[in-house]
Number of protein chains: 2
Amino acid sequence: MQFSAIQRILGILLMVFSVTMLPPLLVSIWYDDGAYSAFLIAFIIILMVGAVSWIMVSDQRRELRLRDGFMVVVMFWTVLGISGSLPFTLAVDPHMSLTDAVFESISGLTTTGSTVIMGLDELPPSILFYRQQLQWLGGMGIIVLAVAVLPMLGIGGMQLYRAETPGPMKDSKLTPRITETAKALWYIYLGLTIACTLAYWAAGMSLFDAIGHAFSTIAIGGFSTHDASIGFFDSTLIEMIAVVFLLLSGVNFALHFIAISRRNPKVYLVDSEFRFYLAVLLFVAIVVTVVLYTTGTYSDLGEAFTKGLFQAVSIGTTAGFTTADYSLWPGFVAIVLLFTSFIGGCAGSTGGGIKVIRFLLLIKQGLREITRLIHPSAQIPIRVGQKTITPRVVEAVWGFFALYVASFTFMYLALALTGLDLMTSFSAVAASINNLGPGLASVGTNYAGLNDPAKWILCFAMLLGRLEIFTLLVLLTPAYWRK
Amino acid sequence: MQFSAIQRILGILLMVFSVTMLPPLLVSIWYDDGAYSAFLIAFIIILMVGAVSWIMVSDQRRELRLRDGFMVVVMFWTVLGISGSLPFTLAVDPHMSLTDAVFESISGLTTTGSTVIMGLDELPPSILFYRQQLQWLGGMGIIVLAVAVLPMLGIGGMQLYRAETPGPMKDSKLTPRITETAKALWYIYLGLTIACTLAYWAAGMSLFDAIGHAFSTIAIGGFSTHDASIGFFDSTLIEMIAVVFLLLSGVNFALHFIAISRRNPKVYLVDSEFRFYLAVLLFVAIVVTVVLYTTGTYSDLGEAFTKGLFQAVSIGTTAGFTTADYSLWPGFVAIVLLFTSFIGGCAGSTGGGIKVIRFLLLIKQGLREITRLIHPSAQIPIRVGQKTITPRVVEAVWGFFALYVASFTFMYLALALTGLDLMTSFSAVAASINNLGPGLASVGTNYAGLNDPAKWILCFAMLLGRLEIFTLLVLLTPAYWRK
Ligand SMILES: [K+]
Ligand SMILES: [K+]
């Protein structure tokens, strides 16, 4: 393990992260909301810690090895998650415990979007802005993680996207080095954010809300500046804008990159993952619509469809925005949506869950096993688009799925052990590991009422989901620490 | 498809099955309980239908092909399941609808053991005897299915047990032809049943109850002649007898066969599946004991352990016997036990669930994927005991697991759609697909209160679980029906 190299990177990271305290500081001064000192102190502390960490090892120039990558990625999210909680603990309003502050920060950075704060509408604007910004920063990290880092580490079959990416990406070679990849993707990310801000603003949000919700939309985060989430605006237009930008953000950003650099929208249509992603969300939207209409939840079919579509996309992409009436919907709809969040966004997007491509591979492998029963001696390759998937990738995806289910089960049991009822436990773990946000029962809109151990378990669940299980679990094996 | 050959087999099967109406008929006459006509009429109808089916094609002598095996197995369980409901529909007491009669019959034959009858203690003895016998007959079918038929069909990795069985079974060649295998296994099955009957009887049960509960113990069925299940007897001795015989019945019967024919109990100890099976149940028993003791559910540690052990083994092997106080236990215990039932018994036993060997392979593959992240270029074979598992078997086990989860999810959603609450739906599907029996919430002890569509969905779930998913699903693919 190259501890000095890791420390150096973390030092730089913290110094960069400290700068993100300045925009909310400016917001605080602009609105004169009295919260500026929290951001100022946090800025100084994080900058100092970062600088000291860096200076201690700045003369050492050892290269990171591949294996160190796991550690860097895990440290990235945990250290920033904890550092990000500083303004919450330092602020007077809201007055938050350490547990709550860390929960809110990790929920923000992992773009989960579950909150322990009640009464968002009364908070200082700078705190609200900071929460939205946390999600946006988290989203930036996720894209680079998902497009460039995880494929390199070979996590859960994502080596699929390593050297030769499937289908349309094959002959266009994504800018190779991580930093350059990051820059290219961040331009797209920034572009989407600006477009989304303008659309929300034009549709009637205040500029402050428009920026904030664009942040949490493009990051598929789900934080809102209002307790009632998107439902606060009571506007079908705003809901449809959210649908469009969530759909875009749930797509592999590498695919966006290729489509843009080739100026060819056909790139999307030939991508198997993209097509399956749209098909799943459309199917769920229709099922939800039919149930909402036939149960008389909405007597107007058009209204049932826009509500159904919004909720299917919001939960299916793992954003977790809600509208006011969602909690009154039939339980069947709630559970269909919760299960859809397990599929989640495309690989390389800001969405959570298992990821569409893995789901597609699981289905194909399941069907292959049935076919093999009928034709025991046939050689049946698994294909995605034009590309044949190697057994190694298929095995990695299986391993991912099994560990996902196993992790889910253990955390579910752990949560039940803290005394939560079974539906709360189940949905809270699902909403956390899928980086979705809102659950059912006691955690339908807010996690404030949970006990502290439960909140820490859910912090772990959010990190586990965001780091695609393996990255975090590998650090817990003795083999990783052996020379 | 060799329809005539399949029809011929089913004809013979029905004629044989009709004979099983005679023991309850004799019981009815012995106790003079007034239910004898139900069994007499059922006997005649089933015999006639079987005979006619057989005579129609008795001059044709076409051989079955491997592919027909799936159809025969599925027909076996569905046709007998429906035929077995005849005495319930014909009886005056209990007065049952067609749905309820089929549910009870399929629950019996698949050794699920969930019941829609309330007031068992007041039923005619012949009906009670018939229910217990259904489970015992189902268990006989399952052993042959699991040891001889499924490995031949290559279902879900069970080809592992086909030509060369792993570890200790390798050099002893199980009697090759199915009929001879069946005979050998049935002697063991019968021997266990007699021993269990004597033990229960000696421990204080009436001979009638002893036979009935031995039937449902060795079949890991869980039907009882009392509403209070094993709790009726309020005897730690009886509970411990149940534990011993359930543990024995949850073991691969092929392993019993080898141990007996070699007169060498060491055969068990070197079997990886057997060891893992005991370890899991012991671990769960200890967890349950600790929770029962620390929550003050039982203030005596010894009592907490015997209660914990009984329930861990009863649910873990998927028997589903309960004691009276079980429903008052903490929710955490209930959910731990419900999840344990997903692991289930060993392959080749009368237990349900995913099966211990598959679970073991899933864990080994999950761990291998983690190791591969650290050593990307290493060749890491998966071993069970001495044997290296081929990638083909690993893939088949993954396919099984994925389809298990997918089937579970779809049936859970379907049940929720019929209007059941989420915990009832979840636990009912789990208890049915795992062939466990009792669920939680509204189906904690009895399924009588469910709506008819829900009961049919659960019948499907029980068959799906018993036929190890693939056998049933393969019939639903167009490829199966293509020439
Ligand atoms: K989210
Ligand atoms: K059972």
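Along the chain, the donors of the potassium ion (ligand 2) follow the spacing T-T-x107-I-G-x96-T-A-x115-N-L. In this predicted model, B:Thr111 sits in the loop between helix 6 and helix 7 (125-153) of chain B, while B:Gly221 sits in the loop between helix 9 and helix 10 of chain B, so the pair ties together parts that are 110 residues apart in sequence. Chain B can be laid on chain A with an RMSD of 0.0 Å.

**The potassium ion in chain B**

- Which atoms hold the potassium ion (ligand 2)? The protein donors are the O atoms of B:Thr111, B:Thr112, B:Ile220, B:Gly221, B:Thr318, B:Ala319, B:Asn435 and B:Leu436.
- These donors lie 2.5 to 3.0 Å from the potassium ion.
- Are B:Thr111 and B:Gly221 buried or exposed? Both B:Thr111 and B:Gly221 are buried.

**The recorded binding site in chain A**

- An unreviewed UniProt entry lists A:Thr111, A:Thr112, A:Ile220, A:Gly221, A:Thr318, A:Ala319, A:Asn435 and A:Leu436 under "binding site".
- These residues span 326 residues in sequence, yet no two of their C-alpha atoms are more than 9.1 Å apart, so they gather at one spot.
- A:Ile220 belongs to the loop between helix 9 (207-218) and helix 10 (236-249) of chain A, and A:Ile220 is buried at a relative accessible area of 0%.
- A:Thr318 comes from another loop, between helix 14 (301-316) and helix 15 (331-343) of chain A. A:Thr318 is buried too, with a relative accessible area of 0%.
- Leaving out residues up to four places away in sequence, the contacts of A:Thr318 include A:Ile220, A:Asn435 and A:Leu436, as well as A:Gly351, A:Gly352 and A:Gly353.
- The backbone of A:Thr318 is worth a look: its phi is near 70 degrees, a positive value in a residue other than glycine. Most residues other than glycine have a negative phi.

**How the two copies relate**

- How is chain B brought onto chain A? A turn of 180 degrees and a shift of 0.0 Å along the axis will do it.
- The two copies are thus related as by a two-fold rotation axis.
- The same surface serves both copies, since 100% of the contact residues of chain B recur in chain A.

- The largest nonpolar core has 352 residues. Those with the most contacts inside it are A:Tyr200, A:Ile335, A:Tyr447, B:Tyr200, B:Ile335 and B:Tyr447.
- Setting aside neighbours within four places in sequence, A:Tyr200 is in contact with residues including A:Met205, A:His213, A:Ile230, A:Ile238 and A:Ile241.
- Helix 15 (residues 331-343) of chain B is mostly covered, with twelve of its 13 residues buried. Among them are B:Phe332, B:Ile335, B:Phe339 and B:Phe342.
- Just after helix 15 of chain B comes B:Gly344, which takes a positive phi of about 75 degrees.

**Backbone details to look up**

- Most peptide bonds are trans. The bond from A:Asp93 to A:Pro94 is cis, with omega near 5 degrees, and A:Pro94 lies in the loop between helix 5 (86-90) and helix 6 (98-109) of chain A.
- In chain B, the peptide bond from B:Asp93 to B:Pro94 is cis, with omega near 5 degrees. B:Pro94 is in the loop between helix 5 (86-90) and helix 6 (98-109) of chain B.
- B:Asp234 has a positive phi of about 45 degrees although it is not a glycine. Its place is the loop between helix 9 (207-218) and helix 10 (236-249) of chain B, and at 65% relative accessibility B:Asp234 counts as exposed.

**Cysteines**

- How many disulfides does the structure hold? Over all chains there are zero disulfides.
- A:Cys346 is in no disulfide, and the nearest cysteine sulfur, that of A:Cys196, is 18 Å away.
- A:Cys346 is buried, with a relative accessible area of 1%. In chain B, B:Cys459 counts as buried at 3% relative accessibility.

Key. Residues numbered from 1 in each chain as written. Chains lettered and ligands numbered in written order. Predicted model: local features only at pLDDT ≥ 70, side-chain atom pairs only at ≥ 80, totals over all residues. Heavy atoms only, no water. UniProt positions renumbered as here; feature names shortened; annotations may be inferred. Helix = DSSP H or I, 4+ residues; strand = E, 2+ residues; numbered from the N terminus. Buried < 20%, exposed > 50% of the residue type's maximum accessible area, 1.4 Å probe, protein only. Contact = heavy atoms within 4.5 Å. Least-squares fit on C-alpha atoms with pLDDT ≥ 70 in both. Core = buried A, V, L, I, M, F, W, Y, C linked by side-chain atoms within 4.5 Å. Donors = N, O, S within 2.8 Å, 3.2 Å for Na, K, Ca; no water. Disulfide = S-S within 2.5 Å.
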